[in-house]
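Student: I would like a close look at a single part here. Please keep it brisk.

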Amino acid sequence: MAGAIQEVLEGNMGYRRASKAYSVPQTTLERKVKEARQKKLSSEAAAVKMLGRYKTNFSEAQEKEFVQHLIHLEERLFGITLSDLRTLAFELAEKNNIPHVFNTEKRMAGKDWLYGFLKRHPKLALRYPEKTTIARAKGFNRVAINAFFDLLDSLYSKYKFSPNDIYNADETGILTVANKPSKVLALRGKKQVGTLA
């Protein structure tokens with residue numbers, strides 16, 4: 001389509017010849033060329049296909065950055081719920097003067113925007129996080145892990161444990177933090193999702 005628009009704008013071809021040469025509908029080509037001339041668009045910009053009369057509030061690059069931010073927050077145990085996401089989208093549009101049709105009374109994006117956003121970014125999924133205490137999150141660091149494995153290595157060397165003397169006794173089924181957390185957005189397929197309690 002961009003090539004056909006370019007040919008017509010430069011005067012190299014007429015509508016009929018360009019539509020046949022580039023295998024595009026002539027009426028669509030005429031409409032796109034008219035739009036390019038009126039709005040002074042490049043052939044590439046005029047050729048962008050819109051599905052219906054609706055368009056996204058944020059650009060593709062902005063949404064990509066938004067998704068990276070959501071994943072970054074979840075990795076640091078600050079997962080975003082769906083209502084948080086809608087509020088964040090409203091604030092992002094307001095602070096950057098991006099035209100939007102979000103609910104200014106509730107100060108949040110609508111559910112239609114939310115479902116469209118999740119559909120455009122299928123790598124995000126709604127997950128129940130495992131509650132993690134601040135003490136546990138702070139204790140899980142390189143120094144503490146190295147100290148644990150140094151101690152484990154010294155015990156292996158001292159007592160010469162055989163494989164049948166080693167047991168896995170983790171806290172499966174034991175709640176370390178009470179009450180169930182809300183679902184948060186996380187990377188689809190991630191094995192474990194956490195949130196600070």
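Student: What covers the buried residues of helix H1?

Tutor: This is a predicted model, so local features need pLDDT of at least 70 and side-chain atom pairs pLDDT 80 or more, while totals for chains, interfaces and linings use all residues. Residues are numbered from 1 along each chain as its sequence is written, and side-chain values use heavy atoms, without hydrogens or water.

The cover of H1's buried residues includes helix H2 (15-21), helix H3 (26-39) and helix H4 (43-47). Contact here means heavy atoms within 4.5 Å. Helices are DSSP runs of H or I, at least four residues, numbered from the N terminus.

H1 itself spans residues 2-10, and its buried residues are Ala 4, Ile 5, Glu 7 and Val 8. They share one side of H1, because their arc around the axis is only 160 degrees. That arc is taken from the directions from the helix axis to the C-beta atoms. Buried means under 20% relative accessible area (exposed is over 50%, partly exposed in between; 1.4 Å probe, protein chains only). Just after H1, Gly 11 has a positive phi of about 80 degrees.

Elsewhere, look at the rings. Phe, Tyr and Trp rings (six-membered ring for Trp) pair with centres within 6.5 Å; planes under 30 degrees apart are stacked, over 60 edge-to-face, the rest tilted. The count is 10 aromatic pairs. Phe 66 and Phe 117 are tilted, at 5.6 Å and 55 degrees. This pair links helix H5 (60-75) to helix H7 (111-120), 51 residues apart. Both Phe 66 and Phe 117 are buried.

Technical notes:
Helices (H or I, at least four residues) and strands (E, at least two) are DSSP runs, numbered from the N terminus.
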